[in-house]
Amino acid sequence: MHNILLIEDSGVFREVEVTLLKLIDNISLEIAINHKNALSLIDKKKFDLIICDYHLPDGNGLDILNYSRDDKNGNALNLKTDFVMVTGNNDMEIVKECITKGVSGYLVKPLQPAKFLQKCCKLLKIPVPKF
């Protein structure tokens, strides 16, 4: 079973991402719609993959990445979890910062379904489902 955390505040994009992720066999999917919910889930559960929108109503994806990588918060469950940043922002400074901070992937919205699935499956080390 692959545990995936999807952090996405936009209902439309969340629906697309959930639909695509459900094509992957043997997953357990948790969904957070904001920064606060995401941190709560990261504190409680070990994930194999975290997919996070950069812009959230109460923070940003880099804050969540930094939190998941910081064992000083008393939680080392997700220190090495693969982390994919998804955003509508193609600002090169943000891209560079995300890469410097250790994201495993950076995808720009609107998502290309095949590219999204390929990135997720590559990180999970499983075959890409046909759709």
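## Contact between H2 and H3

His 35, Ala 38, Leu 39, Ile 42 and Asp 43 of helix H2 are in contact with Asp 63, Ile 64, Tyr 67 and Ser 68 of helix H3, contact meaning heavy atoms within 4.5 Å. Five of the residues in this contact are nonpolar, two are polar and two are charged. In this classification Ala, Val, Leu, Ile, Met, Phe, Trp, Tyr, Cys and Pro are nonpolar, Asp, Glu, Lys and Arg are charged, and the others, Gly among them, are polar.

H2 spans residues 35–44 and H3 spans residues 61–68; their axes are 11 Å apart and the packing angle is about 15 degrees. Axes are lines fitted to C-alpha atoms, for helices over the stretch in contact, and angles run from 0 to 180 degrees between N-to-C directions. The two helices are therefore roughly parallel to each other (angles under 35 degrees count as roughly parallel, over 145 as roughly antiparallel, 65 to 115 as roughly perpendicular and the rest as oblique). The crossing of H2 past H3 is right-handed, that is, the near helix is turned clockwise from the far one by less than a right angle.

## Basis of the model

The model is predicted: local features need pLDDT of at least 70, side-chain atom pairs count only at pLDDT 80 or more, and totals for chains, interfaces and linings use all residues. Residues are numbered from 1 along each chain as its sequence is written, and side-chain values use heavy atoms, with hydrogens and water left out.

Helices (H or I, at least four residues) and strands (E, at least two) are DSSP runs numbered from the N terminus.

## Contact between H3 and H4

H3 also packs against helix H4 (residues 92–101), at an angle of about 10 degrees and with the axes 11 Å apart. This angle makes H3 roughly parallel to H4. Leu 62, Leu 65 and Asn 66 of H3 make the contact with Glu 97, Cys 98 and Lys 101 of H4. By class, the contact has three nonpolar, one polar and two charged residues.

## The buried side of H1

Glu 17, Val 18, Leu 20 and Leu 21 are the buried residues of H1; buried means under 20% relative accessible area, exposed over 50%, and partly exposed in between (1.4 Å probe, protein chains only). They lie on the same side of H1, because they cover an arc of only 160 degrees around the axis, the arc being that of the directions from the helix axis to the C-beta atoms. Their cover includes strands S1 (2–7), S2 (27–32), S3 (49–53) and S6 (82–87), together with helix H5 (113–124). Exposed residues Val 12 and Glu 15 are on the face turned away from the buried side.

Leu 21 belongs to H1, which runs over residues 11–21. Its relative accessible area is 0%, so Leu 21 is buried. Apart from neighbours within four places in sequence, Leu 21 contacts Ile 4, Leu 6, Ile 27, Leu 29, Ile 51, Phe 116 and Cys 120. Between the C-alpha atoms of Leu 21 and Pro 113 the separation is 9.9 Å, although these residues are 92 residues apart along the chain.

## Backbone features

Lys 109 and Pro 110 are joined by a cis peptide bond, with omega about 0 degrees. Pro 110 is in the loop between strand S7 (105–108) and H5.

Asn 26, in the loop between H1 and S2, has a phi near 60 degrees, a positive value in a residue other than glycine. Asn 26 is partly exposed, at 47% relative accessibility. Lys 125, in the segment after H5, also has a positive phi, near 60 degrees. The relative accessible area of Lys 125 is 72%, which means that this residue is exposed.
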